[in-house]
Amino acid sequence: MQTSSFSAVDHALMARALRLAEHGAYTTKPNPMVGCVLAHGERIVGEGWHRRAGEPHAEVLALQAAGERARGATAYVTLEPCAHTGRTGPCADALVAAGVARVVAAMRDPFPQVAGRGFERLRAAGIAVDCGLMEGAARALNRGFLSRVERGRPWLRIKLATSLDGRSALANGESKWISGEASRLDVQRWRARSGAIVTGAGTVLADDPSLTVRLGDDTPFVPPLRVVLDPGLATVARGRVREGDAPTLYIHAPDAKPPRGLGAQVAAAPLRAGRFDLDAVLRLLAGRGVNEIQLEAGATLAGAFLAEGLADEVLLYVAPVLLGERARPLFDGLGIERMAQKLRLSIVESRRLGEDVRLLLRPEP
């Protein structure tokens with residue numbers, strides 16, 4: 001079903017579908033973001049995007065908008081139409097019933113209940129199916145969902161703010177505020193798209209973060225799960241991390257006993273050499289439907305995820321300040337002693353935010 005014979009119109013309308021899908025960045029989790037455009041040639045007759053889990057999918061909304069004009073149209077969809085019944089019906093069946101003539105999909109859906117079955121239903125009904133148009137952009141859009149389904153763990157983003165001399169906090173732990181107001185607002189948008197915000201017990205004790213999303217406008221979002229890695233449950237009796245409407249989960253060592261009436265979720269994760277098995281932690285969160293994690297923690301936990309090869313990207317806010325040699329580093333525990341051991345990161349994006357520079361970096365293989 002892969003083909004390279006896509007027209008300029010095909011590219012333009014798939015790009016439109018991808019832009020529509022992005023509207024669901026804050027609300028579709030744990031579902032993927034999906035956009036759909038229905039068109040006769042260049043003329044768009046209907047479009048839609050998946051807004052929230054449990055609500056109609058992008059294809060259904062586009063078909064509703066098109067009505068009878070859907071018959072004979074081409075459907076451009078950013079992900080293979082589903083073929084199973086969950087909280088909504090199969091989109092492949094809806095496209096067949098509407099009489100579309102062709103479906104162009106950016107990519108196959110790896111979710112086991114779909115995984116090619118949507119395409120099979122469409123082709124069995126005589127609908128032409130082409131797949132692979134702008135697949136790279138589609139995969140980047142849903143990198144968290146794909147990570148959870150294909151790798152069994154969420155996409156992990158480490159968020160850090162640094163001075164020009166590579167320091168994340170003063171020696172006494174003070175870190176408010178290294179970055180400026182524009183950067184802090186930008187962090188809220190990244191939080192909003194995350195399925196979970198993860199921190200460590202040390203950060204809860206030192207900084208007392210709330211780890212909530214504060215966008216400052218009426219933009220809808222699904223509050224991310226707040227996760228505290230706390231082997232001995234030393235922080236459960238304190239902290240703003242349990243205030244507000246966002247749910248909170250404490251991940252503890254197997255031998256720790258959660259107190260009664262805690263009023264928060266708890267889960268045990270295995271230890272390895274006295275520390276959490278971080279891969280097991282990620283798989284535990286994947287089992288709870290978490291697609292993307294934003295790690296907001298100190299140098300020890302950030303360094304541990306990076307050293308174990310579990311960090312997928314680093315969101316780094318660089319402020320034009322100096323904190324001095326006694327201030328704390330960005331990462332601890334990397335164990336780099338020779339230049340040949342250095343960890344390389346590629347710059348995916350660079351953007352100016354007020355006086356700061358935001359870098360999106362990904363570790364190189």
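Everything here comes from a predicted model, in which local features need pLDDT of at least 70 and side-chain atom pairs count only at pLDDT 80 or more, though totals for chains, interfaces and linings use all residues. Residues are numbered from 1 along each chain as its sequence is written, and side-chain values use heavy atoms, with hydrogens and water left out.

On the α3 side, the contact (heavy atoms within 4.5 Å) is made by Ala92, Asp93, Leu95 and Val96, and on the α4 side by Gly118, Arg121 and Leu122. Sorted by type, these residues come to 4 nonpolar, 1 polar and 2 charged. For that sorting, Ala, Val, Leu, Ile, Met, Phe, Trp, Tyr, Cys and Pro count as nonpolar, Asp, Glu, Lys and Arg as charged, and the others, Gly among them, as polar.

Helix α3 also meets α2, and α2 passes α3 in a left-handed crossing. Here Glu59, Val60 and Leu63 of α2 touch Cys91, Ala94, Leu95 and Ala98 of α3. This set divides into 6 nonpolar, no polar and 1 charged. Leu95 turns up in the contact with α2 and in the one with α4.

The geometry of both pairs:

| Pair | Residues | Axes come within | Crossing angle |
|---|---|---|---|
| α2 and α3 | 58–66 and 91–98 | 9 Å | roughly 20 degrees |
| α3 and α4 | α4: 117–124 | 9 Å | roughly 20 degrees |

The axes are lines fitted to C-alpha atoms, for helices over the stretch in contact, with angles running from 0 to 180 degrees between N-to-C directions. Helices (H or I, at least four residues) and strands (E, at least two) are DSSP runs, numbered from the N terminus.

The domain assignment, automatic or from a database, gives domain 1 (8–141) and domain 2 (152–363). Their C-alpha centres lie 34 Å apart, and the contact takes 9 residues from domain 1 and 14 residues from domain 2. Between them they bury about 830 Å², 54% of it on carbon and sulfur atoms; that is accessible area (1.4 Å probe) lost on putting the two parts together, summed over both. Which residues of domain 1 lose the most area to domain 2? Tyr26, Lys29 and Pro30 do, together 69% of what that side buries.

Two of those names come up again: the peptide bond from Lys29 to Pro30 is cis, with omega near 5 degrees. Pro30 sits in the loop between α1 (8–22) and β1 (35–40).

**Further along the chain**

Asp208 isn't a glycine, yet has a positive phi of about 50 degrees. You'll find Asp208 in the loop between α8 (201–207) and β9 (225–229). Most residues other than glycine have a negative phi, and most peptide bonds are trans.

Leu284 lies in helix α9 (residues 278–287). Not counting residues up to four places away in sequence, Leu284 touches Leu249, Ile251, Ala267, Ala268 and Ala269.

Note on methods:
A crossing is left-handed if the near helix is turned anticlockwise from the far one by less than a right angle, and right-handed if clockwise.
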